[in-house]
Amino acid sequence: MTGLSFQQIFWQHFRKNYLALAGAGLVLCLFVVALLAPYLAPYDPNMINVKIILELPSSQHLFGTDELGRDVLSRMIYGSRISLFVGFVAVGIASLIGVFLGAISGYYGGWVDNLIMRGVDIMLTFPSFFLILAVIAFVGPSIWNIMVVIGVTGWMGICRLVRAQFLSLKEREFVVAARSQGAKDLRIIFRHLLPNAMAPVLVSASLGVAGAILLESALSFLGIGVQPPTPTWGNILTAGKDNIEIAWWLSLYPGLAIFLTVMGYNLLGEGIRDSLDPRLKI
Amino acid sequence: MMVPLLLGITLISFTVIHLAPGEPTGLATELNPRVTAEVRERLRVFYGLDKPLHEQYFRWLVRIVKLDFGRSFSPDRRLVIDKILERLPITVSLNVLSLLLIILIALPLGVLSATHQDTWLDRSTSLFVFIGFATPTFWAALLLMILFGVNLGWLPISGLRSLNFDSLTPFWQAVDLLKHIVLPVTLSALTSLAGLSRYMRSSMLEEIRQDYVTTARAKGLGERVVVYKHALRNALLPVITVLGLSLPALIGGSVIFESIFAINGMGKLFFDSVLSRDYPVVMGVLVMGAFLTLLGNLLADISYAWSDPRIRYD
Amino acid sequence: MNTLKMSIGMKLRSSVSLIIVLGLSLALVTLNGCSSKPGEGKAEKKATKVDLSPAYGGRLVEGSIGDASTLLPPLATDSASSGVAAFIYNGLLKFDKDLKLVGDLAESWEVSNDGLTITFHLRKGVKWHDGVELTSKDVMFSYQLMIDPKTPTAYSGDYLIVKKAEAPDKYTFRVYYAKPFAPALISWTLNILPAHLLQGKDVTKSPLARHPIGTGPYRFVSWRQGDRIILTYNPDYFEGRAYMGKYIFRVIPDQATMFLELKAGGVDMMGLTPLQYARQTDNAKFKRGYRKYRYLAFSYTYLGYNLLDPKFKDKRVRRALSYAIDKQEIIDGVLLGLGTIATGPYKPGTWAYNSNVKRYPYDPAKAKQLLGQAGWTDSDRDGILDRNGQPFKFTIITNQGNSLRAKTAQIIQRRLREIGIVVDIRPIEWAAFINEFIDKKKFEAVILGWTIGQDPDQYDIWHSSKTGIKELNFISYKNSEMDELLIKARETFDLEARKRYYYRFQEILAEDQPYTFLYVPESLPVVQARVQGIEPAPAGISYNFIKWYVPKGLQRTS
């Protein structure tokens, strides 16, 4: 293994993992679609036409129309933006909190560590979906609220990961060296420790995005997801659920989209994890 | 250990719930032409909502210690503990059953995946568990209902008991119940397979490449013995902890299953209470949910000790 | 104005269902208050040779998305509770199939010439389900319970204005009013509760809430909360025993699941959504197995403007908005044609309804012209109307979870955008919606619905004294002529006079457009075809439930 940089080793493994590559491909596609939504969508996603309610897919409407005669394909394309956005911001918030608390906890140890870990325990004991439900129902289901709540209830795993990394890293030579040279705590944390602890965070985050997208669709099912007219895969699918026997296109396409995205992120995340830890290969 | 945890939980949820806009008297009286301002105020006093927040919390906490969750705000005014106890067995048994199913399926899958790493078997089991994970549950549920309930007519669609349940013999009652829970339990298990089986896989992988396994192999022990006797036992340890931690997710997921399958368990009770601002019930379910998780973790710890020869509780 | 200004003369049960119509979904079958137009598919008869003559026994399972909350009617505020309670209890009076008041527990009644005294003569020999005889004591108790400040009921209003009540003998009950109160009689559809089981007890903790005992056609058997309530026929019912042996109320929270259960035979009766009615039930197989009905519901949906908002103070603006919203499009798109345009707060075809008020057909050009007169033009050519540099933007709030209203809002949003008005939609969860936005008047425009009561009194919704915090005239509409009309109309028993007042009242509303009245939806119940004896009438279908039956050969055992 000598002579190869970390990145090279990573890439060597990752490249051979077809599932992971497929995942990366899916995620990439999704980004392109979300980015180019205005150019890709054949119609205005909110263009209502009550004369063509729930029409079968046709050459005009490739994915058919929904309960208000809107083009499902266009709504799906725009929905990818929201779904991605919700996933990213929610996970971003969770990662920020988790990394911050985990770093402090792992670096300082002692009562700080104790306090934070008890906080983690409390949060982990909560059936967090209950908490999400309660808060969303109380403060209202705006996109921002949903992202914040999913984020605030999802940081514990990352916190533990970062803490564990810090615990093992902080005694390593380069950290001890930096400290002996009089480097400030903050500098050690941000310059030396964090970059080395980020890999598992990345993995966990990519899985988290998938979870957040699923959560949004679950909230939509309960009627407290992102509200119409904003299209999300979750609320298109929920409308599809009510008409499942007459309008298969209304649930098949968003169902597939959610499925492929969640798959994509999971495969990608797992691929990264496996490749980061080449020792797993015998 | 459990007491400060519970205290933290109650404090957080109590605060969140009470800072939210809206009141329990709202649903009962708002926008009703027959309700006058005086009537509304009367209801507020009646429900004790005129007291300051910390006093409400303190009063509630004192009663919790005596296992008294108070009475529901809903018009039936039943004891919260009754409402919860009535639904607890349903939710707990459904979750225990699906947990068993998950363990039964996920662990072997994970082990297989690990021992056959990077083969088609590994890939296809990965795909299988991901499909379960990535399919929105309510949608999958409806598809299965149409297939098995309407088209094939093999299984009942929703609820827990047939209409003629009460006239059945105990044996057929059991069969009836079983038929009703097939779909929800299977579905709940399928959607939660991924986590555990993937964890089992990586834990197993980790063990397999340990020195002692190599040594065992070198000693000429059969592959089966090496894998199933030595590696598996150690690989199970971290999985047990994960199992304990997956409880809150299962309990939380009950909301979805119970809504779609019309099962009146704790999840449904919680969601309804949240929507109607039935604070005592919301708090009761949260505390009970947390308590269940703690119990689960305790069980996990015990089995951990049981399966790890190095840990002994005196 | 008198100080006892509470209550509106709605039939008790109608205003009970008001909350549901407002808060939850219209998809529920509101068993009470419905009207005519016999449904389709009624004429179909089984081709097979089954004896269709009436028979006792059998069961009917009704699906509901929500469970009942309590079976003590004064404590209930949801339509599920009052729907089930209707099988168990009786009032002194009730509505017949043509929505006329007839005696129920009261054999007869007299109103004094000045309208201030009502005397009820009770039926003799009516038994509670536990065998005890019903007397005027029970009626007196039910009345006292309503006005007892310790009773947490939402419906005390009508009874607090009773000056005095007395029970001179076992079968007579008499009430006195201080001034004429037109909706008085309707208020005595109040469910009568058993005094011998409740007197002197804390009603909020009574076991009767979970195990009711009434005088009605069905007796309580069991209640598995969140799952089902089972009732069985009362063999001693004073109108004769009901045919249907059992009534089962089944809770299925998801509308799609409920529909699957209907098709699988787990539910015999439910309310369809417009989409289900129009699109999912039009096949031969469904029509063979089920009968669906449609008739106008006793409710309407509107877009209300906060008149404290400077944008909406100008009558021309409100009229313009009414012209710019295509009401027929909403009915086609949201209700799939299963509804009719609302022109005011009454149901078309009822005695108070005035069909000759000003209407606002879809006319965007006229809307733009009116807006121009009010100073709203697109002076900076950005496609959005503006006045004094302010663009015309506003937010419509509505309660979340009601897909019909959400869709209505989206259609309105698009139509208004076409004439240069930017609309945001904000669905808000019910409790917060009412407490934080409606009660505090923190809204610009709102989509909501009202139940239409059996009495046309609208004092609480439109009188200028009802514009306070937490009152029902939350759009702050004030009009002195209307104030006068509303008071005069509720203080007379002269039907012609009342009609005149309410006709004028509707004209003013149509002129002023404080609401853009949108639609009156249709109730869309569906019943398994083996159930016979259903006769749609102005009151809907369930008024004669005790006459419904399942022919012997078609009965299912349970």
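**A sheet in chain C, and a look beyond**

A: Let's start with Thr117(C), which sits opposite Tyr176(C) in strand β7(C). Keep in mind that you are looking at a predicted model. The two strands here are β5 (residues 117-122) and β7 (residues 172-177) of chain C, and they pair in the antiparallel sense over five bridges. As a rule, strands of a sheet pair through backbone hydrogen bonds, in either a parallel or an antiparallel way.

The strands β5(C) and β7(C) belong to an open sheet of four strands, in the order β4-β5-β7-β6, with antiparallel pairing. At the edges you find β4 (106-111) and β6 (162-169) of chain C; each has a single partner strand, so one side of each has no neighbour in the sheet. On average, neighbouring strands in this sheet are turned by 15 degrees against each other, if direction is ignored.

Helix α3 (residues 136-147) of chain C lies across β5, β6 and β7 of chain C, and runs at about 160 degrees to β6(C).

For contrast, turn to chain A, where you can count twelve helices and zero strands. The C-alpha atoms of chain A fill a box of roughly 75 × 50 × 30 Å along the principal axes. Of its 282 residues, 55% are buried.

Chain A also meets chain B, in a contact that takes 36 residues from chain A and 39 residues from chain B. On the chain A side, α5 (110-125), α6 (128-139), α10 (185-221), α11 (233-242) and α12 (248-276) each supply at least two residues. Helix α6(A) gives the most to that side, with nine residues. By type, the residues on the chain A side divide into 25 nonpolar, six polar and five charged.

Finally, look for the largest nonpolar core, which has 317 residues; Leu133(A) and Val262(A) have the most contacts inside it. Helix α4 (residues 72-108) of chain A brings the largest share of this core, 17 residues. In soluble globular proteins, nonpolar side chains tend to be buried together.

How values were computed: Residues are numbered from 1 along each chain as its sequence is written. Chains are lettered from A and ligands numbered from 1 in the order in which they are written. This is a predicted model: local features need pLDDT of at least 70, side-chain atom pairs count only at pLDDT 80 or more; totals for chains, interfaces and linings use all residues. Two residues are in contact if their C-beta atoms, placed from the backbone, lie within 7 Å. Ala, Val, Leu, Ile, Met, Phe, Trp, Tyr, Cys and Pro count as nonpolar, Asp, Glu, Lys and Arg as charged, and the others, Gly among them, as polar. Two strands pair if DSSP finds at least two bridges between them. Axes are lines fitted to C-alpha atoms, for helices over the stretch in contact, and angles run from 0 to 180 degrees between N-to-C directions. A nonpolar core is a set of buried Ala, Val, Leu, Ile, Met, Phe, Trp, Tyr and Cys residues joined through C-beta atoms within 7 Å. A residue is buried if 20 or more other C-beta atoms lie within 10 Å of its own, exposed if 12 or fewer, and partly exposed in between; C-beta atoms are placed from the backbone.
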